[in-house]
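Here are my notes for anyone opening this one for the first time. Have the chains in view and go through the points in order.

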Amino acid sequence: MSDVSLTVNGRQVNAAVEDRTLLVHFLREHLGLTGTHVGCDTSQCGACVVHVDGKAVKSCTMLAAQASGSTVVTIEGLSDGTGLHPVQAAFKENHGLQCGFCTPGMIMAATDMINRHPEGLDEATVRAELEGNICRCTGYHNIVKSILAASQAMAKGKGRAKAA
Amino acid sequence: MYSVTYHRAASLSDAAKLAKKDEAKFLSGGMTLIPAMKTRLAAPPDVIDLTHIAELKGITVSGKSVTIGAATTHAEVANNAKLKAACPAICHLASHIGDPHVRHRGTIGGSIANNDPAADYPAALLALDATIVTTKRELAAEKFFKGLFETALKDGEIVKAVRFTVPAKAGYAKFPNPASRYAMTGVFVASGKEGVRAAVTGAGDDGVFRSRPIEAALARNFEAAALEGVSVPSDGLMSDLHASAEYRANLVVVMAKRAVMAATG
């Protein structure tokens with residue numbers, strides 16, 4: 001057993017877990033944060049993407065013990081609580097989901113992608129950057145549209161914040 | 001996953017002590033080891049996390065000399081401004097490993113210690129004539145990469161860094177497997193004072209190798225056109241459901257041309 005101590009969605013969490021516990025299982029089963037999904041057993045699908053210390057990672061390919069000391073944000077913690085995060089809003093407005101299973105991972109990957117591309121995104125970049133996220137409904141078209149819309153909305157939001 | 005005991009090494013000496021445990025495995029980014037443990041293809045009783053050892057991290061560019069710490073992630077290599085200015089080919093290579101999430105965790109030291117026959121970095125380090133710095137010695141990439149998933153590393157020996165001299169020109173091109181993004185064939189070419197080196201990954205039956213016909217043609221003229229009509233033998237190349245050895249032999253030439261174009265572009 002390992003004692004792990006993390007900040008998850010702004011909350012300090014301490015627990016003793018089996019060393020083999022994957023971060024995704026820790027989030028889902030110990031903390032009840034079931035928004036993060038497990039879609040495959042092979043580290044390919046990206047349904048489990050969360051942010052660890054500000055970077056998108058596959059939480060199914062990291063031990064909870066490896067993440068000890070880190071700050072984790074899951075889909076539940078993305079919005080500040082007053083409404084949807086701009087990426088969530090864009091997925092809603094653009095119907096960026098079909099069955100919804102891949103959506104949490106897509107949104108966490110998209111948020112990370114937008115943060116890493118402050119210069120803005122184009123369709124080719126979004127499609128290339130989605131390499132690690134699989135939508136088995138093949139609903140990529142609207143996912144890409146959602147991410148482009150979110151990227152623009154967030155750039156405008158920043159512009160306003162600067163002006164203010 | 002079978003039961004495992006996780007250890008976080010605070011220093012290299014700490015890691016060396018922990019490595020005395022039977023069958024213990026070093027864990028870097030875990031992008032290969034953790035999936036292998038999940039599917040029970042690997043079942044080490046102990047894993048020793050190396051990613052919190054400060055001296056294994058970071059990129060130094062000093063004149064023409066580049067040193068990349070073993071625990072430096074692919075994303076860090078891809079986006080390092082100084083490295084991009086000195087040797088953009090290795091940044092380009094790093095930016096095409098796996099996917100963004102993998103690049104945030106996977107490390108150069110982990111990749112070369114694993115020596116997957118389709119991994120990208122071994123081709124770069126072999127073509128750049130890089131030196132691999134370990135806790136015990138320094139050795140040339142040529143001596144380090146031994147075969148399929150096999151390196152010169154001894155038990156308990158840890159890759160600390162890789163070091164190379166920036167070549168005049170370098171380029172990398174790969175034909176990625178559409179599912180995994182591992183190289184079905186990838187070629188890294190480097191041209192400098194010491195001549196031309198071309199290393200091939202993803203194609204060899206026994207892991208990364210230097211292609212002499214490609215090197216000979218490019219030594220005469222470091223242009224893609226110099227590779228017109230050059231063919232490489234398919235002996236010793238991999239055949240699998242993705243591509244036959246003959247197809248890969250052709251890909252070696254095509255990727256070499258693209259790599260040279262990237263290098264001279």
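1. Start where the chains meet: 28 residues of chain B are in contact with 26 residues of chain A, contact meaning heavy atoms within 4.5 Å. Before going on, bear in mind that this is a predicted model, where local features need pLDDT of at least 70, side-chain atom pairs count only at pLDDT 80 or more, and totals for chains, interfaces and linings use all residues. On bookkeeping, residues are numbered from 1 along each chain as its sequence is written, chains are lettered from A and ligands numbered from 1 in the order in which they are written, and side-chain values use heavy atoms, with hydrogens and water left out.

2. How much area is buried between chain B and chain A? About 2200 Å², with carbon and sulfur atoms giving 57% of that. Buried area here is the accessible area (1.4 Å probe) that two parts lose on being put together, summed over both. Look for Lys38(B), His101(B) and His104(B): they supply 30% of the area that chain B buries against chain A, more than any other three residues.

3. Arg181(B) forms a salt bridge with Glu131(A), and their closest N and O atoms are 3.1 Å apart. The rule also finds 11 residue pairs in polar contact across the interface of chain B and chain A, both residues at pLDDT 80 or more. A polar contact is a pair of N or O atoms within 3.5 Å; within protein, one must be able to donate a hydrogen and the other to accept it, and residues adjacent in sequence count only if both atoms are side-chain atoms.

4. Which elements of chain B give two or more residues to the side that touches chain A? They are strand S1 (5-8), helix H2 (33-38), strand S3 (46-49) and helix H6 (100-105) of chain B. H6(B) gives the most, with 5 residues. Helices (H or I, at least four residues) and strands (E, at least two) are DSSP runs, numbered from the N terminus.

5. Over all chains, the structure holds 16 salt bridges. One of them is in chain A, where the side chains of Glu18(A) and Arg20(A) meet at 3.1 Å, N to O. Glu18(A) counts as partly exposed because its relative accessibility is 37%, and Arg20(A) is partly exposed too, at 28%. The cut-offs: buried means under 20% relative accessible area, exposed over 50%, partly exposed in between (1.4 Å probe, protein chains only).

6. In chain B, Arg197(B) and Glu142(B) meet in a salt bridge, 3.1 Å from N to O. Arg197(B) lies in strand S13 (residues 195-201) and Glu142(B) in helix H9 (residues 141-144), so this pair ties together parts of chain B that are 55 residues apart in sequence. Arg197(B) is buried at 14% relative accessible area, whereas Glu142(B) is partly exposed at 39%.

7. Take Arg210(B), found in strand S14 (residues 209-210) of chain B. Arg210(B) counts as buried, since its relative accessibility is 18%. Its side chain makes polar contacts with the side chains of Glu142(B) (3.3 Å) and Glu215(B) (2.8 Å).

8. Last, the rings. There are 2 aromatic pairs over all chains: rings of Phe, Tyr and Trp (its six-membered ring) pair if their centres lie within 6.5 Å, and planes under 30 degrees apart count as stacked, over 60 as edge-to-face and the rest as tilted. Phe144(B) and Phe145(B) are edge-to-face, 5.1 Å centre to centre with 90° between the planes. Tyr172(B) and Phe188(B) form a tilted pair, 5.9 Å centre to centre and 35° between the planes. Tyr172(B) is in strand S11 (residues 169-176) and Phe188(B) in strand S12 (residues 183-192), so the pair ties together parts of chain B that are 16 residues apart in sequence. Both Tyr172(B) and Phe188(B) are buried.

Conventions: Salt bridge = Lys/Arg side-chain N within 4 Å of Asp/Glu carboxyl O.
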